[in-house]
Structures are given as C-alpha cells and as structure tokens.
Amino acid sequence: FKEFPSVKEWLDQFLKYMNGNMKILTEGMEKHIPQIKIIKPEGTYLAWMDCRELGLDTKQLSDFMINKARLALDDGYWFGINLACPRTYINEALTRLKKAVS
C-alpha cells in the first residue's frame, strides 16, 4: 500500500470512489431508466433497486435480469448492485439495463 501511507487515507479514497459509483448509478437510472428506483445504501456497498414499475412478477423479473439485461444480481423482488467494483462495471450495468428496458 505504498500509495496510501495510512488506513485513513485509504478509507477516504475508497469512500470517495464508492460515492462516485453511487452518483453515476443514481443519475443514470433517473435519466435513462426512471422505471427502476435506486434505494441509497446505508452501511453497505449494495445499492438496492425497486423494480416494481416494470410490472413483472418475481419469476419474470429474475428472468428479465438474467436473460434480457444479462446481469447477475441478487435474486428476489428487489435487486442489488454491488458498488464496490470498477466504474466500468456500473456503466456496463446501466447500459445493459437501459437496453433491456427499452
């Protein structure tokens, strides 16, 4: 960890990056996929998505995420996106969801 002389500095950089990922995800959803609402995380790196406005039952929603959006997310009525990843993954998830919803 030569780039980070202290744990505090590493944590500050990590939180800044995570907040940036959350901002990209939230703004992308609001602008391009308003049918899916993001539930901002508190104490976790998972951003939960409320997909009820898509009008799909749980089985259809799971099939939609896996086969149409090509995203492997936490299964269930609510889906979570892991924010602890490179930004390219967040952008790719947004692109896939936008294409699938369209």
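Let's start with Ile-81, which is found in strand S3. Strands here are DSSP runs of E with at least two residues, helices are runs of H or I with at least four, and both are numbered from the N terminus. Ile-81 is buried, with a relative accessible area of 5%. Buried means under 20% relative accessible area, exposed means over 50%, and partly exposed is in between, using a 1.4 Å probe and protein chains only. Now look from Ile-81 to Leu-97. They are 16 residues apart in sequence and 12 Å apart in space, C-alpha to C-alpha.

Before going on, a word on the source. This is a predicted model, where local features need pLDDT of at least 70, side-chain atom pairs count only at pLDDT 80 or more, and totals for chains, interfaces and linings use all residues. Residues are numbered from 1 along each chain as its sequence is written, and side-chain values use heavy atoms, with hydrogens and water left out.

How confident is the predictor? pLDDT is its confidence in each residue, from 0 to 100. The mean pLDDT of the protein is 88. Of its residues, 90% reach 70 or more.

Next, the overall layout. The protein has 3 helices and 3 strands. Read from the N terminus, the order is α-β-β-α-β-α. The C-alpha trace spans about 50 × 20 × 20 Å along its principal axes. There are 102 residues, and 32% of them count as buried.

Now helix H1. It covers residues 7-32, which is 26 residues. From its first C-alpha to its last it reaches 37 Å. That is close to the expected 38 Å. The expected span is 1.5 Å times one less than the number of residues. Which residues of H1 are buried? Among them are Met-18, Met-22, Leu-25 and Met-29. Gly-20, Asn-21, Thr-26 and Gly-28 are buried too. Here is a rule to keep in mind while you look. An α-helix has 3.6 residues a turn, so residues three or four places apart point the same way.

On to the pocket. First, how we find one. On a 1 Å grid over the protein atoms alone, a cavity is a set of points where a 1.4 Å probe fits but cannot get out; a pocket is an open set with protein on both sides within 12 Å along at least five of seven lines; and lining residues have an atom within 4 Å of a point. The largest pocket holds about 200 Å³ of space. Its lining has 12 residues. Which lie nearest its centre? Leu-71, Ala-72, Leu-73, Ile-81 and Asn-82 do. Strand S3 (78-82) and helix H3 (87-101) each supply at least two residues of the lining. By type, the lining has 9 nonpolar, 2 polar and 1 charged. Ala, Val, Leu, Ile, Met, Phe, Trp, Tyr, Cys and Pro count as nonpolar, Asp, Glu, Lys and Arg as charged, and the others, Gly among them, as polar.

Cysteines next. How many disulfides does the structure hold? It holds 0. A disulfide is a pair of cysteine sulfur atoms within 2.5 Å. The sulfur of Cys-51 is 17 Å from the closest cysteine sulfur, in Cys-85, and that is too far for a bond. Cys-51 is buried, at 2% relative accessible area. Cys-85 is also buried, at 15%.

Arg-70 is in the loop between helix H2 (58-68) and S3. Its phi is near 55°, a positive value in a residue other than glycine. Is Arg-70 buried or exposed? Arg-70 is exposed, with a relative accessible area of 51%.

Arg-52 is in the loop between strand S2 (46-50) and H2. At 45% relative accessibility, Arg-52 counts as partly exposed.

Ala-84 lies in the loop between S3 and H3. At 39%, Ala-84 is partly exposed. Ala-84 and Leu-15 are 69 residues apart in sequence, and their C-alpha atoms are 9.7 Å apart in space.

Thr-88 is in helix H3. Thr-88 is exposed, at 56% relative accessible area.

Terms used
Points joined across faces, edges and corners; volume = space filled by probe spheres on them. pLDDT = per-residue confidence, 0-100.
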